[in-house]
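Thanks for coming, everyone. I'll keep this short, so please bring up the model on your screens.

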Amino acid sequence: MTKNKLGLNTICTHVGEVKDEQFKGAVSPIYLSTSYQFDDVDVKRYPRYFNTPNQEFLSKKLAALEHAEAALIFGSGMAAINAMFLTFLKAGDHLVVQNTLYGGASNFIKEQLPKMGIDYTFTNGYSVSDFEIAIKPNTKLIHIETPSNPLLTITDIEGVAQLAKSKNIITTIDNTFASPVNQNPIDYGIDIVMHSATKYLGGHSDILAGALMGSQKHMDAIWDVAKNLGGSLSDMTVWMLERSIKTLGLRVKAQNRNAKRLAKYLYKHPDVKQVNYPGLKSHPEHDLAKKQMKGFGGMLSFELEEGLDASVFQKKLKLIKSSMSLAGVESTVLSPHLTSHALLTQEERDKIGISDQLIRFSVGIESKNDLIQDIEQAIQKTKEKSQVYL
Ligand code: PLP
């Protein structure tokens, strides 16, 4: 763990700035050059090597945010996941991965890893014993996601990290849903932290990016593979990501507050059957979430009562948009079975509990009362529509 002396918002605002020595501008200049003179310097800079000035400096901010020694920035969250798996897994190895996982990551594991002779096991649940049972003599990597997409299940980060360390297995985590504001898994013994920076790190629904953070040794190993895969991020977008992260702490804390209020409101609503939010006392792993998270995040999911069609409800919302992706400052909803988890079979979704009625809710920074009013009118209209067909 790398202890930061600076507070969260100071890291967000200042760490990893490229100094404008010439004009003393307030923000980092953008270096768009793909070609750098190298005859008199040690570093051979090239965008695909993750080492242009903007890439190199923003990596410092990302590492600081996750209490890591080093970081790399990728062209997408999936590019980061690929580089991470392909660094630590080779033919003959085995991966243990939790069953409640981002659909794109599950699909990559099932579609691509077998072609390379890499075996995998999806756990039956997400308790430490579920991971222990799945381990084989050739297991080299355990990958977790907590809170998970879209069910907000909580995995015991420290428990899994200790189990893996006792067997010399590397651990990786998708920390996208929590963001570095709410959870720092390296403090609990995880080796590599992964983010879809498209989500909270970007925060404005206008950047596709990914990030990996870890020890210098692990990040050097990832760099060796990643430079061949070619998934780095353009400097223009690196600069946009740097600007976005300046407000990360402020945004995510506002989203935490709104999500908690919305979760409580939905939980008490007579037309809502189920709410999944780790900040609710009713969540089965609320105590564990309290131990390992600093805030409960801006994501929740819920199901309306029987007979109220989730797709009608989404169409009736006015302020809250039905859209792909998550974590922007604007609130959005989606049906995981039609989007993030569409690549899973119905049987696979049923097994992990993703029903066709489940609605994922990414809570933004709008005024709480406006969000509640929008949901209320959409529920009333959904009820009216349902009665027409009864
Ligand atoms: N991990 C999680 C939890 C996600 O929600 C997503 C995208 O939705 C990804 C990873 C993949 O990230 P990207 O779309 O940036 O490739």
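Let's begin at the ligand: how far is a backbone N or O atom of M78 from an oxygen atom of the ligand? The distance is 2.9 Å. Keep in mind that this is a predicted model.

In total, 15 residues surround the ligand. The closest are M78, D174, S196, T198 and K199.

Take D174. An N or O atom in its side chain sits 2.6 Å from a nitrogen atom of the ligand. Now S196. Here a polar side-chain atom is 2.8 Å from an oxygen atom of the ligand.

How much of the ligand does the protein bury? On its own, the ligand exposes 390 Å². The protein buries 91% of that.

Which elements give two or more residues to the shell around the ligand? They are α3, residues 77-88, and β6, residues 192-196.

Now look at β6 itself. I192, M194 and S196 are on one side. V193 and H195 are on the other. All of these are buried, and both faces of the strand are covered.

What pairs with β6? Strand β5, residues 170-174, pairs with β6 in the parallel sense, over 3 bridges. Strand β7, residues 210-214, pairs with β6 in the antiparallel sense, over 4 bridges.

In β7, M213 stands opposite V193.

Last stop: N51. Where does N51 lie? Find the loop between α1, residues 8-14, and α2, residues 53-65. N51 is in that loop.

Is N51 buried or exposed? The cut-off for buried is under 20% relative accessible area. N51 comes in at 12%, so it counts as buried.

What does the side chain of N51 reach? It reaches the backbone oxygen of K44, at 2.9 Å. Set aside the neighbours within four places in sequence, and N51 is in contact with V43, K44, R45, Y46 and E56.

That's the tour. Over to you for discussion.

Note on methods: Residues numbered from 1 in each chain as written. Predicted model: local features only at pLDDT ≥ 70, side-chain atom pairs only at ≥ 80, totals over all residues. Heavy atoms only, no water. Buried < 20%, exposed > 50% of the residue type's maximum accessible area, 1.4 Å probe, protein only. Polar contact = N/O pair within 3.5 Å; in protein donor to acceptor, adjacent residues only side chain to side chain. Contact = heavy atoms within 4.5 Å. Near = heavy atom within 4 Å. Areas by Shrake-Rupley, 256 points an atom, 1.4 Å probe, with all protein chains shown as cover. Pairing = 2+ DSSP bridges.
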